[in-house]
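Please look through this model with me.

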Amino acid sequence: MTAAQAALVSCPTCRLVSRVPHRWIKGHATCLRCGAKLSLRKPNSLARTWALIVAAYILYIPANVYPVMTVISFGNGEPDTILSGVQSLIASGWWPLAVLVFFASIIVPLIKLVGLTYLVASVQYRWHWHPKQRTILYRITEAVGRWSMIDIFMITILVALVRLEAIATVEPGAGATSFAAVVVLTMFAAVSFDPRLMWDVVDQQHDQRA
Amino acid sequence: MNRSSNLTVIACQDCDLLHRQRLLCDGQRATCSRCGAVLYRKKRNSLDHALVFSLTALIFFLMANVFPFMTFKYEGRVQESVLFSGVHELFVQDMWAVAILVLLVSVIIPLLKILGMLYVLVPLKLNRPPWYAARIFRIVEALHPWAMVDVYMLGVIVAMVKLSDFSTIVPGAALYSFAALLIAMAAAGAALNPHDVWERLDVVARGRRQ
């Protein structure tokens, strides 16, 4: 039996389980122990997550097309995109690091975007298969998201270090802002999605059969 | 609402299935029987260990922000930087959105997290209920994925590798402090069992009322 079926609500922060109040006024029930707002499911989960994902998809294009930084040495500038940054790591022979950056800045944002789209669609269209696997996918997207920030931090450090006016400088590029926005938007999208909705679909089907 | 009867059940955060809470031995954890999410765990001296590591983290945080971070040597020129210079340089180059983001996730949020933990854990150690403890600890919990000290460290490593091809990088005392900060924060996070904090807050508050 789920908490919702038992007319119980679990605090999202301290996990204290309380009885659902008789007259539920939306947004007005708070946890007795920690004061967090209580709701059976995250509010407007689907709409919020869709909005954040769509915004992230749009920004994903400039994030990969525009250069994230330009290394200028002796007047010659070489713009670097996210992908060319990985290529230059491979070219200089740092294989393990190249693989790491490739995963963090190319695979992880893609997994997050495609994975979250799949998860939200699965609730929207009431698919009922493999809820456990989908829950694991959700936990992965939630956990790996922050690691995409590696590239943004690398740029921050290069910009701070390489400031020898005529000899060598590093300039941040427009792509960096879009890329950072993609990371932040997908992190918020993962937080706003409620995995319990996937199980609600399964539970309702069971109820109908019974 | 009768809390003592409610304390014995817990709802899975990922699929909402209700479980009866059982006593665990040290180091054990209970997982959801349907989706496999961790429901709760038992750790030995969770609050004491977290308190010690948080204090350690605070010391290393201060060191990481005061001492020189890295020195860049190229063609006989030397450029020194501190942790903050990356953010400063991004501001100067009109990348204020990225600058604010980096400042938040690498400096402000880790500091807030450490201070918040100490604010709750020190009074609990002295058997006093801290003011607004629940609200503060709720914020600390919410900030968790946004404290990106660990990701920042990987960004530092990638930046150093990128520069090592054509210049010399000398790590400063702040860089070592930053690495130690990362370890201390990870240790505090691993040691802390949020469940223990909520229970302890309950016990201390009840003791005061009587």
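Helices here are DSSP runs of type H or I with at least four residues, numbered from the N terminus. By that count, Val54(A) lies in helix 1 of chain A, which covers residues 45-65. Keep in mind that this is a predicted model.

1. **Val54(A).** Start with this valine in helix 1 of chain A. Is Val54(A) buried, partly exposed or exposed? A residue counts as buried with 20 or more other C-beta atoms within 10 Å, and as exposed with 12 or fewer. Val54(A) has 13 C-beta neighbours inside 10 Å, so it counts as partly exposed.

2. **Domains.** Both chains are divided in two. In chain A, the assignment gives domain 1 as 1-40 and domain 2 as 43-209. Their C-alpha centres lie 33 Å apart. In chain B, domain 1 is 1-42 and domain 2 is 45-209. Here 30 Å separate the centres, again taken over C-alpha atoms.

3. **Where the chains meet.** On the chain B side, 51 residues are in contact with 53 residues of chain A. Which element of chain B gives the most to this side? It is helix 6, with 10 residues. By class, the chain B side has 31 nonpolar, eight polar and 12 charged residues.

4. **Helix 6 against helix 7 in chain B.** Helix 6 (residues 149-164) also packs within its own chain. Its axis and that of helix 7 (residues 173-191) come within 9 Å and cross at roughly 145°. The crossing is left-handed. From helix 6 of chain B come Val149(B), Asp150(B), Met153(B) and Val156(B). They meet residues of helix 7, among them Leu175(B), Phe178(B), Leu182(B) and Met185(B). The contact of helix 6 with helix 7 has 10 nonpolar residues, no polar ones and one charged.

5. **Helix 5 of chain B.** This helix runs over residues 133-143, and its buried residues are Ala133(B), Ala134(B), Phe137(B), Arg138(B) and Val140(B).

6. **Gly36(B).** This glycine lies in the loop between strand 3 (29-31) and strand 4 (38-41) of chain B. Gly36(B) is partly exposed, because 14 other C-beta atoms lie within 10 Å. Leaving aside neighbours within four places in sequence, Gly36(B) is in contact with Lys132(A) and Thr31(B). Cys15(B) is 21 residues away along the chain, and the two C-alpha atoms are separated by 9.5 Å.

7. **Two positive phi angles.** Most residues other than glycine have a negative phi. Arg126(A) has a positive phi of about 55°. Its place is in the loop between helix 3 (95-124) and helix 4 (131-144) of chain A. Asp94(B) has a phi near 70°, also a positive value. Asp94(B) lies in the loop between helix 3 (85-92) and helix 4 (96-125) of chain B.

8. **How open are those two?** Arg126(A) counts as partly exposed, because it has 13 C-beta neighbours inside 10 Å. Asp94(B) has 9 such neighbours, so it counts as exposed.

Terms used:
Residues are numbered from 1 along each chain as its sequence is written. Chains are lettered from A and ligands numbered from 1 in the order in which they are written. This is a predicted model: local features need pLDDT of at least 70, side-chain atom pairs count only at pLDDT 80 or more; totals for chains, interfaces and linings use all residues. Domain bounds come from an automatic or database domain assignment. Axes are lines fitted to C-alpha atoms, for helices over the stretch in contact, and angles run from 0 to 180 degrees between N-to-C directions. A crossing is left-handed if the near helix is turned anticlockwise from the far one by less than a right angle, and right-handed if clockwise. Two residues are in contact if their C-beta atoms, placed from the backbone, lie within 7 Å. Ala, Val, Leu, Ile, Met, Phe, Trp, Tyr, Cys and Pro count as nonpolar, Asp, Glu, Lys and Arg as charged, and the others, Gly among them, as polar.
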